[in-house]
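Have a look at it first, and then we'll go through some of its parts.

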Amino acid sequence: MRTFPWGAQWLTMLLLALSGVSILHAQTPDETFVAALGELREATYDDKAALVERLTQSGHASVSAVLTALMEDRLFFRNDDQKVFVGATPEGDSIKLIDPLSLKESGSAPPDSLTKIGTNNGLRRTLRFALARFKLASPDPSVRLEAVRDLNQSLDEATVPILKERAAKETDAGVKKEIETGLALAALDGMDSAAKLAAINTLSSSVSQEVRNRLALLYEKAEDGSYAEPDEKVRTAATTAVYGIDQWRTFYSAIETLFFGLSLGSVLILIAIGLAITFGVMGVINMAHGELMMLGAYTTYTVQLMMPNNIGLSILVAIPAAFIVSGLAGVLMERTIIRFLYGRPLETLLATFGVSLILQQTVRSIFSANNRSVLTPDWMSGSVRINDALAITSNRLYIVLFTLIVFTLILAVLKRTRIGLDIRAVSQNRAMAKAMGIRTEWVDAMTFGLGSGIAGVAGVALSQLTNVGPNLGQSYIIDSFMVVVFGGVGNLWGAFIGGASMGIVNKLLEPYAGAVLAKIVVLVALILFIQARPRGLFPPTGRGTEDK
Amino acid sequence: MLEKDKVAVVFGCWTSVSRKSVLPVFEKDNGLLFYPVQYEGEESSKNVIYTGAAPNQQAIPAVDYLMKEGVKRWVLEGTDYVYPRTTNKVLEAYLKSKGVAAADIQINYTPFGHSDWQTRVAAIKKFGTAGKKTAVVSTINGDANVPFYKELGNQKVSAQDIPVVAFSVGEEELAGVDTKPLVGHLAAWNYFQSVSSPVNKTFIDQWHAYTKNPKRTTNDPMEATYIGFNLWVKAVEKAKTTDVTKVIAALPGLETPNLTGGMAKLLPNHHITKPVLIGEVKADGQFNVVSKSPGLVAGDAWSDFLPGSKDIEADWVTLNCGNYNKTTKKCSGQNYK
């Protein structure tokens, strides 16, 4: 009788011990993982960040998949049983569910029955750094490069060994260099002076702002006069390295400013080329020029509406389409209004101003007064990264290239083709051209159509830079007139040089004077210039000038 | 309208300039204006009911949220006119009172419709890589916003690294925009269409039925107008007349439900109580609310953070004055000067 309870007690203990073992056993890694996942449901953003850390440390096979889902807004929990699922898509009529543990599909559910586990910027940043560890194993070197950059921003005891491990295996030179930068940055936190000197040596070839700031900390003086870095040799090396980096950064920032100027200039050139033709060659002050650009931008929008699955291609289709739409509008304007007003600049100005209002209102009636959303194709977004100090935005780069192409084409049309010859002949001496059998009226219409078509093409470019709305044209018309007047009426090269120099001067001034003042300074300078050279940079020659 | 048709009440005005322009007329002819847009504060008129947010109901809570998120450096980027200038003045004083050094604040203004943001974004990027977490507080107006966000996206300034909080980018503004580069950036309002509450759902359904377009968005100034109209109806019921003087007297203290929960109460300073919401832009142009004020915030006409207006109080019930100086105990009369 006595032994039985003792035996039972012993048995219970054994059972308890066994179950304890089994609990402990299950705690790694599935249970930790599921527990942390469950807590995600109700946690605040700060707690979620801690949970992300716990998930990462659980070492479970599906951590990366779950964290990616959280990052991409497709981690849900089911309302009736509170179970957490990964969704295949963030939204939709019915969301396919994936079990977070096995990563196998487990049915689908309507979005109403699911609650999304939300993130905010701070949390997504944490997630990005956590995911970077997994991305290091990616076969794509560019993904690895991004991952190393992220890890370099979050160096600690956990990430440094990962980087070291990767450095041994890494084959891509660019990624390897980035890892070395990260390891050198980490070495600066150590105590070993020799290692620090070697690290500074590695880092001195970098041009990144983060590296510069980290190095600058080394020779910073604390308030009590002591240095953060005790070794003087390290301090001197850091000072030299920072000086070198600053030199390079100044150089690259000058290049950057120059590019900014050039890209602003190319937008100005693009909008001024068309005007240089209508205003310059024909002498028509076309106040509706901006609205013809607006038509081009709306054409882009319409083309995108028609081919929603080919946004990348739509821009290329939109260029000829916009040329035709705006060109036809231009020819129509010329035939119905402007041709009756040749030689009466004031009336032309008023009439075309009226046309511009009509066009604006038409667009308002058709597309509504709200701005329309024109998508930027993927190949035009982002930037081309030259190095840590210099990155050139793709859309601006394309627009600079595009401007050069349009400019060359127009020049070729005017110089090499029959219609170009006719246009030049009529603009130089109308009566003589007529006597030689050129249909001047037809040429007038074509010239105006050409100028308007180019305005439309400029509109396609502008749709990638700014709002597409009824007021698009108004905001650019003054700038384009300024370029034409500055460059010299009737000269394409004038428009080119004028636009580029105005863009660069504007951008050189902006960092010092601010955008508002820079614009005023440019305007005043232009007025003074026109006072000195009333005919602009490249004064026109030909029949038109002899009259004046 | 006031002189000829003798209208009892006007709901309207959009920009601060338009409000400042009609103000003297409303005061001279004793009209009643419900102004539904968020504005810069520093004003309180007997004849105007401000149902939009004052800076302490929008700008300051947004800055508080970012401070909590660890932001130490600030760029105050605005369009060059009265609302950004006043708001930034209030914010600058507020940040300094919270111990932010002057070197950690950068203030810049650009002209209306500014479309070439390359230099500014590069400058913000540079300012943001100085080692401390940086955020941009944007009071950029209307059309200049899209190129700004596009440039941010292209120069790879992500909302995770340098978030931008805006006070005039709402659902209606996002409707005409490619939202890709904006995702994750913040906006502070007192109402978001995405807030799920029964009243809000009814309101949105009614709006869709009225516009016959299920894609039309609702936004903050619409809620403010809705509140304003309900307040006026209640005041008329209470005063049993539409006579302006009597309605104005009846208004303070009245309450009407907000669309996002809680009651909007009209305060003696002619501002109302509002919840403050901070949302992150989602890819579909709606907002994901990431922070909500614990209770309702009372609109403060005269900011407590500006030296000139600290002592000033507006009270149309006991003091009958929109510009009362607590230290000198004087009412300065016309307050829009």
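## A covered helix and its surroundings

Helix α17(A) is mostly covered, with 19 of its 24 residues buried. Buried here means that 20 or more other C-beta atoms lie within 10 Å of a residue's own; exposed means 12 or fewer, partly exposed is in between, and C-beta atoms are placed from the backbone. This is a predicted model, in which local features need pLDDT of at least 70, side-chain atom pairs count only at pLDDT 80 or more, and totals for chains, interfaces and linings use all residues. Residues are numbered from 1 along each chain as its sequence is written, while chains are lettered from A and ligands numbered from 1 in the order in which they are written.

Helices (H or I, at least four residues) and strands (E, at least two) are DSSP runs, numbered from the N terminus.

## Two open sheets

Strands of a sheet pair through backbone hydrogen bonds, either parallel or antiparallel. Two strands count as paired if DSSP finds at least two bridges between them. Each chain gives us one sheet to look at:

| Sheet order | Pairing |
|---|---|
| β4-β3-β2-β1-β5 (chain A), five strands | antiparallel |
| β1-β2-β3 (chain B), three strands | parallel |

In the chain A sheet, β4 (105-109) and β5 (114-116) are the edge strands, each pairing on one side only. Further in, β2 (84-87) and β3 (95-98) of chain A pair over two bridges, and Val86(A) has Ile98(A) as its bridge partner.

In chain B, the edges are β1 (10-11) and β3 (48-50). Strand β2 (33-35) of chain B pairs with β3(B) over three bridges, and Phe34(B) stands opposite Ile49(B).

## Where the chains meet

How many residues of chain B are in contact with chain A? There are 35, facing 39 residues of chain A; contact means C-beta atoms, placed from the backbone, within 7 Å. Among the elements of chain B that each supply at least two residues are α4 (118-128) and β13 (287-292).

Note on methods:
Two residues are in contact if their C-beta atoms, placed from the backbone, lie within 7 Å.
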